[in-house]
Amino acid sequence: MAVTGVLLTYEAQIDRWALRDYRADPPPGAAPLGLDELLARVAGGPPAGRVASVALGRDPRDPAVVRLACGATVHVDRFTAERLGDGETRTRRFLRTVLYVHRWLALEGEQRIVGRTIMATANLAFLFLLASGLCLWWPRRGGRAAWRPALWFRRGLTGRARNFNWHNVIGFWSAVPLAVIVVSGATISYQWAADLVHRAAGDTPPFQTSPRSLPPALEAALAAAPEPPDPAAPPVALEALAARAAAGTTGWRTITIDLPASAREPVVVAVDRGTGRQPSESEDLLFDGATGELVGRAGYPTFSRGFQVRRWLRFAHTGEVYGVVGQTVAGAVSLGVAVLVWTGLAMSWRRFLGSRGRR
């Protein structure tokens, strides 16, 4: 888990770098196509089908990411509507494999639940090691001389003394971020752990309700509305909805539009001011597909306290909730865990050999 965590430290940045050839190089003064025209061209190409969602970056040179109802994803040049590819680079496939190892040992089919159980159990066991390790680390005698070797690396050490020093120092300075990573991992793996978060935040059951669910009054009003003649395509121009969402959000970086299968459902425009992994920087705007009116808001600001904490924990697990700085800390801590495992095993092995020698 530690080694794969290190490899996944800058997953998002590496993935974007792997797609650098998808970035457009338009001639000076060229303007990107309108969103509705762009989607019309995409829907008519192979594989043809209804567009389920489209994601647009603030820089028009970045491709639009279009997801079709059939499940296919295609990156599209926003100036020419050229299909650039599905984003499945060798780098992306490698990172996905590492992620699958991290989550469930890359097992397939029914064996995936076995791998996931092993990794989740190991994560809980590490929480015990972390707590008990701090108890063992705490100097038995006070004074500056007792604390210094436990807080910083010492030169000139070899063998067991070096392993002991590294184990203690890395364990101490990694304790807090490690606790966040381990606890957040438990809430991802176990429903009972997620329920504890809701109870601690004062939420009431059922906890499984989607945080993106519509308010009951709005859902009832939309269900009672008459079905338009063409339920697959909202009459309102999506370009206008994107412009309204962008105008109402200062410093936005990404806009994602989810097109409903039925015109009775609202068009959801997700506006993100962060990296896409910072829940507090995103909001969902709900527009009436027939009139283009803003009918509601959803997303992180409307979540219950429990759901907000869970979303924070989800991306605190990778450090991405705090951007590159958080990712770097999480990656450094994961590397520290690998050293902790090595030094812990080395000290155990030396102790085992020493006890046999004494006998």
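What follows is a short chat about how this chain is put together.

Visitor: What kind of model am I looking at?
Guide: It's a predicted model.

Visitor: How many helices and strands does the protein chain have?
Guide: The protein chain has twelve helices and eight strands.

Visitor: And how much of the chain is buried?
Guide: Of the 359 residues in the protein chain, 39% are buried. As for contacts with a separation of 6 or more, 55% come from residues 24 or more positions apart.

Visitor: Let's do the strands. In what order do they sit in the sheet?
Guide: The eight strands make an open sheet, ordered 4-3-2-1-5-6-7-8, and their pairing is antiparallel.

Visitor: Which strands stand at the edges?
Guide: Strand 4 (83-85) and strand 8 (294-298) do. Each has a single partner strand, so one side of each has no neighbour in the sheet. From one strand to the next, the twist averages 25°.

Visitor: What holds strands together in general?
Guide: Strands of a sheet pair through backbone hydrogen bonds, and that can be parallel or antiparallel.

Visitor: How many bridges join strand 5 to strand 6 here?
Guide: Five bridges link strand 5 (residues 254-258) with strand 6 (residues 267-272), and the two run antiparallel. To find a spot in that pairing, look for isoleucine 257, which stands opposite valine 269 in strand 6.

Visitor: Which strands does helix 3 lie across?
Guide: Helix 3 (residues 35-44) lies across strand 1 (51-57), strand 2 (64-68), strand 3 (73-76), strand 4 and strand 5. Helix 3 runs at about 130° to strand 1.

Visitor: And helix 10?
Guide: Helix 10 (residues 238-247) lies across strand 5, strand 6, strand 7 (282-287) and strand 8. Its angle to strand 6 is about 40°.

Visitor: Back to helix 3. Is leucine 39 buried or exposed?
Guide: Leucine 39, which is found in helix 3, is buried, because its relative accessibility is 7% and the cut-off for buried is under 20%.

Visitor: What does leucine 39 touch?
Guide: Leaving out residues up to four places away in sequence, leucine 39 touches Val51, Val54, Val66 and Leu238. Leucine 39 and alanine 81 are 42 residues apart in sequence, with 8.3 Å from C-alpha to C-alpha.

Visitor: New topic: at what angle do helix 4 and helix 5 pack?
Guide: Helix 4 (residues 90-104) and helix 5 (residues 112-137) pack at about 70°, and their axes are 6 Å apart. That angle makes helix 4 and helix 5 roughly perpendicular to each other.

Visitor: Which residues meet there?
Guide: From helix 4 there are Val101, His102, Arg103 and Trp104, and they meet Arg112, Gly115, Arg116 and Met119 of helix 5. Sorted by class, this contact of helix 4 with helix 5 has three nonpolar, two polar and three charged residues.

Visitor: What's buried in helix 8?
Guide: In helix 8 (residues 191-201), the buried residues are Ala193, Ala194, Asp195, Val197 and His198. Those buried residues pack against helix 7 (159-189) and helix 11 (305-316). Just past helix 8 comes glycine 202, with a positive phi of about 90°.

Visitor: Last one: how many disulfides are there?
Guide: The count is zero disulfides, taking a disulfide as a pair of cysteine sulfur atoms within 2.5 Å.

Visitor: Are cysteine 70 and cysteine 135 buried or exposed?
Guide: Cysteine 70 counts as exposed because its relative accessibility is 56%. Cysteine 135 is exposed too, at 62%.

Conventions. Residues are numbered from 1 along each chain as its sequence is written. This is a predicted model: local features need pLDDT of at least 70, side-chain atom pairs count only at pLDDT 80 or more; totals for chains, interfaces and linings use all residues. Side-chain values use heavy atoms; hydrogens and water are left out. Buried means under 20% relative accessible area, exposed over 50%, partly exposed in between (1.4 Å probe, protein chains only). Axes are lines fitted to C-alpha atoms, for helices over the stretch in contact, and angles run from 0 to 180 degrees between N-to-C directions. Helices (H or I, at least four residues) and strands (E, at least two) are DSSP runs, numbered from the N terminus. Angles under 35 degrees count as roughly parallel, over 145 as roughly antiparallel, 65 to 115 as roughly perpendicular and the rest as oblique. Contact means heavy atoms within 4.5 Å. Ala, Val, Leu, Ile, Met, Phe, Trp, Tyr, Cys and Pro count as nonpolar, Asp, Glu, Lys and Arg as charged, and the others, Gly among them, as polar. Two strands pair if DSSP finds at least two bridges between them.
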